[in-house]
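Student: May we go through this structure together? I would like to begin with individual side chains.

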Amino acid sequence: MNLRNSLLLRLPFVAVTLVLLTALLMATGLGLLTQRYLIEDVDAGAFQAMASWNKSLPSLIQQDNVWSVYEALTSVTGADVLHTTSLVVALGANGRVFASSDPRVFPTARPPDWSSLWAPGTLELSSYQHLEDRSAHPGQSPPIKSGHWRIYVSALRSGADSNVGTLVYAVSDELYRERLISMLWWIAIITVIAVALFVPVVWLLSRRMLAPLAELRRSMLLDSGQARQVGSVLAVRPDEVGTLAAAFTRLLDQVEQARQAEKLVAVGALAGATAHEINNPLGGMLNALHTAQSFGSFDQTTRQTLDLLDRGLEQLRTTAQALLAQTRPTERDLMRQDFLDLAELIRPCQGERQVRLQTELALPERVAVAVGPVRQATLNILLNACHAARPGSVLELQAKTLEPGLLRVTVSNQGSRPPVTTLSSIAAADIPPTGSGFGLWESRRLLSDIGGSLHLDHVSGVTMAIIEIPMRGTSVAATVASGAQHSHPSENRGDSHV
C-alpha cells in the first residue's frame with residue numbers, strides 16, 4: 001500500500017493541520033480583539049479628557065487667559081511637543097486658534113491649518129457604539145479616523161446656549177501601537193508554545209487510536225492461524241475496529257471451511273473413482289463365483305473356500321457401494337447407442353442358445369438417466385433372458401420414453417417359468433439370494449439406487465422383465481402419475497404380476 005494513501009498517516013496529518021489552523025485563527029482573533037480594546041481605551045481616555053476640558057476651558061477663554069488654557073491642554077498631552085503622541089487645539093468663537101498644545105503647528109490667534117491632521121483619503125467616522133453613555137458627552141462628535149490620527153471634536157459652551165469655541169483633540173496611533181505590538185508578540189509566543197505542545201500530542205494520540213487498525217492490517221499479511229489469533233484479540237474491542245476484526249475472523253473461518261471442503265471434495269472424488277474401478281471387476285468376479293457355486297460341483301473344502309471368498313468379495317462390494325453412494329459422480333446420460341452396444345455384448349450368448357434378438361427402440365438420441373446402472377441392469381437381464389430362452393425363439397428388447405419423464409425398458413423371452421427363488425429374489429431387500437436370482441437381485445438394487453424399479457412377469461410361456469426409471473429433473477408425483485397412466489402390459493392383460 002502506498003504510504004501516502006494510508007489512513008495511518010493521513011488522519012494524524014489532518015488532525016495536526018486542524019490544530020495549526022485553529023491556533024492561527026485564535027491568534028488572529030486575539031490580535032484583532034486586542035487592537036479593538038486598545039482603541040476603545042484610547043477613545044474612553046479622550047472622551048474623559050474632553051469632558052474635563054469642556055468644564056474648565058470655557059471660563060478661561062472668556063477670561064482671555066491663553067496661558068491657563070495652554071497649561072490645561074498640556075496637562076494631558078505633555079509639554080514635550082517633540083515626543084507627544086497627541087495634539088489638542090482650542091478654537092475661539094471667531095474660528096481662530098485660541099491656544100494649542102503645540103503652538104508651532106497651531107500658532108495662537110491665527111486660522112488653523114489642518115493639513116497636518118487631515119488625510120482625506122483615509123477619513124473614517126467611527127460610531128458611538130462602544131461608548132457606554134452618550135448623554136455623558138454632549139456636544140462631542142464621534143471619533144474621526146484620519147491617517148494615523150484619531151480626532152475628537154467638541155463644542156465649548158459656557159452656558160446652555162453660549163458657544164465660546166471648539167475643541168479639537170487628536171491622538172496618534174503610536175499611543176497604543178507599542179502596547180499592541182507587545183501584546184501581539186505575547187500572543188504569537190503563546191500560540192507557538194501551544195502548537196509545539198499540542199501538535200506532538202495530537203499526532204501521538206491519533207497514531208495510538210489508529211494502532212489497532214494498523215495491527216489488523218498487518219495481520220492480513222500473516223498466515224491464517226496468526227491472523228485469526230490477532231483478529232480474535234481485536235474482536236473484543238467495543239469500537240469499529242472490533243467489528244472489523246470480528247468480520248475478518250469470520251472471513252478467515254469461512255476461507256478455512258472452504259479449503260477443507262475442497263480437500264474433502266478431492267478426497268471424495270478420489271475415493272469414488274477408486275470405488276468405481278473396484279466395483280466393476282468385483283461384480284464380474286461375484287457373478288463368476290455365484291455361477292460356479294450354482295452349477296459347479298466341489299468337495300467340501302473347496303466349497304467352504306468359495307463361501308469364504310464369496311463373503312470377502314461381498315464385503316468388498318458393500319464397501320465399494322457405500323463409497324459410491326457417498327461420492328457418486330454425475331454420470332452421463334443414456335444414449336440410444338448404449339442399447340445397440342448391449343445387443344453386441346449378448347451376441348455370444350445368442351450364438352450359444354440359437355436365439356434371435358429383436359430390438360425396438362423408440363428413443364431420442366439422449367435420455368436423461370444415469371447410463372451406468374441402466375446398462376448394467378439391462379445387460380444382466382438380457383443375459384438371464386438369453387440363457388432362459390428356448391432355443392430358436394425370439395428375444396425381444398424394447399425401450400421407449402413415456403411422458404412425463406419416464407424410461408421403460410422391456411426384455412421378454414419365450415421359455416419355461418422362472419423358479420420361485422428367482423422371482424422372489426427381486427423382492428429381497430438387502431440380503432442377496434444364495435442360489436439363482438443374484439443377477440436379478442443386483443439389477444433391482446442398481447435400479448433402486450437411481451429411483452428405478454424392476455418387475456418380472458411370466459404369462460403364457462413368455463417371461464417379461466420391465467424396467468422403469470424416472471428421468472432426471474422429473475418430480476416423484478409426475479412419475480407416479482405417468483406409471484398409473486402407462487400401466488404394465490401384464491396388468492392390461494389381467495395376468496399375474498410378481
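Student: Is Arg104 buried or exposed?

Tutor: Arg104 is exposed, at 57% relative accessible area; buried means under 20%, exposed over 50%, and partly exposed in between, with a 1.4 Å probe and protein chains only. This is a predicted model, in which local features need pLDDT of at least 70 and side-chain atom pairs count only at pLDDT 80 or more, while totals for chains, interfaces and linings use all residues. Residues are numbered from 1 along each chain as its sequence is written, and side-chain values use heavy atoms, with hydrogens and water left out.

Student: Which side chain meets Arg104 in a salt bridge?

Tutor: That of Asp102, at 3.3 Å from N to O. A salt bridge is a side-chain nitrogen of Lys or Arg within 4 Å of a carboxyl oxygen of Asp or Glu. Asp102 counts as buried, at 8% relative accessibility.

Student: How many salt bridges does the structure hold?

Tutor: It holds twelve. One of them pairs Arg150 with Asp43 at 3.0 Å, N to O. This pair links distant parts of the chain, 107 residues apart: Arg150 is in strand 5 (residues 149–157) and Asp43 in helix 1. Helices (H or I, at least four residues) and strands (E, at least two) are DSSP runs, numbered from the N terminus.

Student: Are Arg150 and Asp43 buried or exposed?

Tutor: Arg150 is buried, at 6%, and Asp43 counts as buried, at 1%.

Student: Changing topic, where is Asp64?

Tutor: Asp64 is in the loop between helix 1 (7–62) and helix 2 (66–77). Its phi is near 60°, a positive value in a residue other than glycine.
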